[in-house]
Amino acid sequence: MILLALIAAGLAAAGAADGMVQPRKAYEQCLQKLHDSELEQKAEASKFEAAIGTSCATQEAALKSAIIAHYVGMKTPRAEAEQSATDWVWDLKESAKDRYRSTIGSQPQAN
């Protein structure tokens, strides 16, 4: 009986986590499209970093909502769930910025 309860709890948690997969994928795809677009235009890192704040706002909001719903569904206090969502998005943005800086740093310089 206890095993059944643990399995049910695990499945419920997995189902809630699945709700974050698509929003995260959409956000990451948006960041990648922005990366490619700015790279094609040979934009400075600062321009890319500024564009992150506005270019993927819809996908960012969807991801934050999914993360909050996941954590609230796991009985996490709402304020803590909102902070987790903010932290996740911040991490994804920082990774995208680092990747962009790394990519432009490895590009041959125009003479």
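**Exercise 1. Are Cys 30 and Cys 56 buried or exposed?**

Solution. Ground rules come before the answer. This is a predicted model, where local features need pLDDT of at least 70, side-chain atom pairs count only at pLDDT 80 or more, and totals for chains, interfaces and linings use all residues. Residues are numbered from 1 along each chain as its sequence is written, and side-chain values use heavy atoms, with hydrogens and water left out.

Now the cut-offs: buried is under 20% relative accessible area, exposed is over 50%, and partly exposed lies in between (1.4 Å probe, protein chains only). With that, Cys 30 and Cys 56 both come out buried.

**Exercise 2. Find the disulfide and describe its geometry.**

Solution. Start with the test: two cysteine sulfur atoms within 2.5 Å make a disulfide. The sulfurs of Cys 30 and Cys 56 sit 2.1 Å apart, and the two form such a link. The count by this rule is one. Then place the ends: Cys 30 is in helix H1 (residues 2–40), while Cys 56 is in the loop between helix H2 (45–55) and helix H3 (57–73), so the pair links distant parts of the chain, 26 residues apart. Helices here are DSSP runs (H or I, at least four residues), numbered from the N terminus.

**Exercise 3. Work out how H2 packs on H4.**

Solution. Take the axes first, as lines fitted to C-alpha atoms over the stretch in contact, with angles from 0 to 180 degrees between N-to-C directions. For H2 and helix H4 (residues 78–105), the angle is about 155 degrees and the axes are 10 Å apart. That makes H2 and H4 roughly antiparallel, a label for angles over 145 degrees.

Who touches whom? Contact means heavy atoms within 4.5 Å. From H2, Ala 45, Phe 48, Glu 49 and Ile 52 meet a set in H4 that includes Lys 93, Tyr 100 and Arg 101.

**Exercise 4. Zoom in on Ala 45 and Lys 93, one from each helix.**

Solution. Begin with Ala 45, in helix H2. Its relative accessibility is 14%, so Ala 45 counts as buried. Skipping residues up to four places away in sequence, Ala 45 touches Tyr 100, Arg 101 and Ile 104. Ala 45 and Arg 101 lie 56 residues apart in sequence, yet their C-alpha atoms are 6.0 Å apart.

Over in helix H4 is Lys 93. Lys 93 is buried as well, because its relative accessible area is 18%. Outside four places in sequence, Lys 93 is in contact with Tyr 27, Ile 52 and Glu 60.

Note on methods:
Helix = DSSP H or I, 4+ residues; strand = E, 2+ residues; numbered from the N terminus. Parallel < 35°, antiparallel > 145°, perpendicular 65-115°, else oblique.
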